[in-house]
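Here's a quick briefing to get you oriented.

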Amino acid sequence: MRSYLDFEKPVAELEAKADELRALESKGEGYALAEEIGRLEAKAGQALKDLYAALTPWQKTLVARHPQRPHFKDYCAALIDEFTPLAGDRTFGEDEAVVGGFGRFRGEPVCIIGQEKGDSTETRIRHNFGMAKPEGYRKAVRLVELADRFGLPVLSFVDTAGAYPGIEAEERGQAEAIARSTEAWLGLGTPSVALVIGEGGSGGAIAIAAASRVMMLEHAIYSVISPEGAASILWRDTGRAQDAATGMKITAQDLLKFGVIDRIVSEPTGGAHRGREATIGRAGDALAAALAEMAGLSRDQIVEQRAEKFLAIGRNL
């Protein structure tokens, strides 16, 4: 069953009416309803197009968090062949909020790392809603170092509200683990591409997104803190999250303008959750194009270009 966001109510009403008429038609209780169904579907499609052509930053935040939006496991299953996951950080244990391993992307061997939120109560608990603990980031470091040793490009899929803020995570060195992961990505001597597929929250995101190329889906968000967190700090009122989202410039369009990201990957009308296969296909094409841009570069060139990319952020505002 399709889940609708609050601002999609006009579309929900039109599609519900079309479904009712379709049900009557299938039971033989209605006559010549095809034309009316078609009219309602066209009206709903246009309403959806108009809504998504002018989304506010807060509405984009809601779309980025949509429960039916494709997650890392969906991209991995569709884009990566012969995927072999690796577990554990060789220090403390396994963290399933970060999933990673090796496989083939369009025939070429790659390392792939992503944050998985889960799509059911059971999987969300198992993956800790995509919020990694130190062992998750240390696992990412282990994978990046292996990729560097064997000369493999690294693909990462970012989708987290932020690193896990619990006491046990702080006791095990959360900040240090995030810093070490960021350092490992910045020093990687092979091409790396990061794609924000939903939420890119704070250090929890940058720890696997300090890549040679950083891209975002059209309705994804990327920020130093969640809108709710910013509102609670600035105004002590989480109800002003919409104001915070607008002021923080968290959308892909704003971040492309500021030079924080390199490319926006378009989504079907209505968001990635309404066109999962199309979205994943476009993401795959964007990843392949980004890797092709770096083909033939030496290790020193890759590291230097990546460093210059991040040092240049904010210089020309």
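**Helix packing and ring contacts**

Helix 4 and helix 13 (residues 276–293) pack with their axes 10 Å apart, at an angle of about 70°. Keep in mind that this is a predicted model: local features need pLDDT of at least 70, side-chain atom pairs count only at pLDDT 80 or more, and totals for chains, interfaces and linings use all residues. Residues are numbered from 1 along each chain as its sequence is written, and side-chain values use heavy atoms, leaving out hydrogens and water.

- Helices here are DSSP runs (H or I, at least four residues), as are strands (E, at least two), and both are numbered from the N terminus.
- Axes are lines fitted to C-alpha atoms, for helices over the stretch in contact, with angles running from 0 to 180 degrees between N-to-C directions.
- Helix 4 and helix 13 are therefore roughly perpendicular to each other (65 to 115 degrees; under 35 is roughly parallel, over 145 roughly antiparallel, and the rest oblique).

**Helix 3 against helix 11**

- Helix 3 (residues 57–64) and helix 11 (residues 241–248) have axes that come within 8 Å and cross at roughly 100°.
- That makes helix 3 roughly perpendicular to helix 11.
- Pro57, Trp58 and Thr61 in helix 3 meet Ala241, Gln242, Ala245 and Thr246 in helix 11.

**Aromatic pairs**

- You'll find 3 aromatic pairs in the structure (rings of Phe, Tyr and Trp, using its six-membered ring, with centres within 6.5 Å; planes under 30 degrees apart are stacked, over 60 edge-to-face, the rest tilted).
- Phe72 and Phe157 have ring centres 5.7 Å apart and planes at 55°, so they make a tilted pair.
- That pair links distant parts of the chain, with Phe72 in helix 4 (residues 72–79) and Phe157 in strand 4 (residues 154–160), 85 residues apart.
- Both Phe72 and Phe157 are buried (under 20% relative accessible area; exposed is over 50%, partly exposed in between, with a 1.4 Å probe and protein chains only).
- Tyr75 and Phe157 also form a tilted pair, 5.4 Å centre to centre with 35° between the planes.
- Ring pairs join Phe72, Tyr75 and Phe157 into a cluster.
- Tyr75 counts as buried, at 0% relative accessibility.

**Charges over rings**

- Arg172 has its charged end over the ring of Phe92, 4.1 Å from its centre (NZ of Lys or CZ of Arg within 6 Å of the ring centre and within 35 degrees of the ring normal).
- Lys309 lies over the face of Phe310, at 5.4 Å from the ring centre.

Key
Contact means heavy atoms within 4.5 Å.
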